[in-house]
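Let's walk through this structure together, one piece at a time. Keep the 3D view open as you read.

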Amino acid sequence: MTASQIYEVFLKADGKGEFRHVGALGAADNEMALLLARECYCRRAEGEQIWVVRRDDISSADSAETAPNRNKSHRHNDGKLVAEHRRQLREGS
Amino acid sequence: MRAWADLDEFQEFLDDGGMVEADDDMPEEYRHEVFRFIEFHANSELMGGLTERDWIPHSPGLRLKQIFLAKTQDEIGHAHLLYMVAADMGIKTRDEMMSDLLAGKTRFHNVFHYRAETWADQIAIAFLVDAAAFASQRAVFAKCTYGPYKRILRRIVGEEGFHMRHGEEMLLKMASGSQVQRDLFQAALERWWWPAVQLFGPDSPPDDPLLNWYIKSERNEALRHAYVQKYVPLLQGYGFTVPDDGLRQDPDTGEWMMSEIDWAPLKATFSNAGPDSARRLANAVRNHAESAWFRESIGVSA
């Protein structure tokens, strides 16, 4: 018996929405993974399209790698300074 | 991968609404308890699916055959997804969970330790048991702190909702049918009322870790009480008698109060010593053996 592989399953609903991760399953190959995805995750046509991706083929970064980007205020602008300036102009102070 | 220094820090994380993911370095106590809970749920879906399947050939009429086929697919599908979530916790593989279930080493829901004797039993199961399972799963979904389980529960709870509606529709037909049909359902109700009520389990212990970790959002006794409040009037409204001589309504609050529950039947199911446990397990073992050729042909195990 060959070992089954783990696949991650993504569904995209009809329309403009994005593909979303819905879960995982075990299957021997891509074709079987698509069949099982249809039967396990899409029995009531919850998605219009299905992606299956072997878990081993996914590269991932965890919070240790994403954390530095949490701290970059220069990439945001909450508009507060400008709003305050405009308020002062309006109120003539 | 996230890690926590100790259980207190982990508890703080959960109290703040934190969600645990499969690759987190979660405390071993949490990993084991949550794994056991999901494994139990997966086993129950599989054993439930097998009994639904057994009734497909006996379904009266094409529409009900289709419904029971769909229910069987749903339940087996739920088992498939839950075993996947459980296996990802890294305690047992799917194969190990399957062989432990078939060897009688692990548990499944009490209601699958009883024999469904007539078609009316299937209706009682769909109406009473699916509803009890639905209430208890919805309460787990509500706050569930284990992300992969919560996401799968959303799907499961949605599908169980269809089963409940099928159950009540079937009950409506029995209730508005002949006296023979009404008697048939009343007899089934007498077999299934207590197992359904006991599905929620005995009162939760005061320091139940599953409650502290927000796997369960409500105590067993609270869920059971709410269930009784809803289902006693429903059954009476359809003209059936709840098989509890001590059942009474509190004159002040209007709440339904049951007799003292005899927990011995529930405890027997914990050790697979229920009235139908041996036959059900043998059935599952046979099913697993008979489908081995299929798993081999597609190159997958379990």
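Which residue in S2(A) is the bridge partner of A:Ile6? The partner is A:Gly26. Please keep in mind that this is a predicted model, so a word on confidence comes before the rest of the tour.

For chain A, the mean pLDDT is 90, and 96% of the residues reach 70 or more. Within this chain, confidence is highest in strand S3 (residues 49–54), with a mean of 97. Helix H2 of chain A (residues 63–66) has the lowest confidence there, with a mean of 86.

Now back to the strands. In general, strands of a sheet pair through backbone hydrogen bonds, in either a parallel or an antiparallel way. Here the pairing is antiparallel, and the three strands form an open sheet in the order S2-S1-S3 (chain A). Strand S2 (20–27) and S3 of chain A are at the edges with a single partner strand each, so each has one side without a neighbour in the sheet. From one strand to the next, the twist averages 30°. Helix H1 of chain A (residues 30–41) lies across S1, S2 and S3 of chain A, and runs at about 120° to S2(A).

Let's move over to chain B and look at a pair of helices. Helix H5 (residues 119–143) and helix H7 (residues 179–198) of chain B pack at an angle of about 35°, and their axes are 8 Å apart. The crossing of H5(B) and H7(B) is right-handed. Among the residues that make this contact are B:Ile123, B:Leu128 and B:Val129 from H5(B), along with B:Leu184, B:Phe185, B:Trp192 and B:Trp193 from H7(B). Sorted by class, the contact of H5(B) with H7(B) has 15 nonpolar residues, two charged residues and no polar ones.

Finally, see where the chains meet. Chain A brings 16 residues to the contact and chain B brings 15. On chain B's side, helix H3 (62–87) and helix H6 (147–175) each supply at least two residues. H3(B) gives the most to that side, with five residues. By class, the side of chain B that touches chain A has six nonpolar, five polar and four charged residues.

Technical notes:
Residues numbered from 1 in each chain as written. Chains lettered and ligands numbered in written order. Predicted model: local features only at pLDDT ≥ 70, side-chain atom pairs only at ≥ 80, totals over all residues. Contact = placed C-beta atoms within 7 Å. Helix = DSSP H or I, 4+ residues; strand = E, 2+ residues; numbered from the N terminus. Nonpolar A, V, L, I, M, F, W, Y, C, P; charged D, E, K, R; others polar. Axes fitted to C-alpha atoms, helices over the stretch in contact; angles between N-to-C directions. Left-handed = near helix turned anticlockwise from the far one by under 90°. pLDDT = per-residue confidence, 0-100. Pairing = 2+ DSSP bridges.
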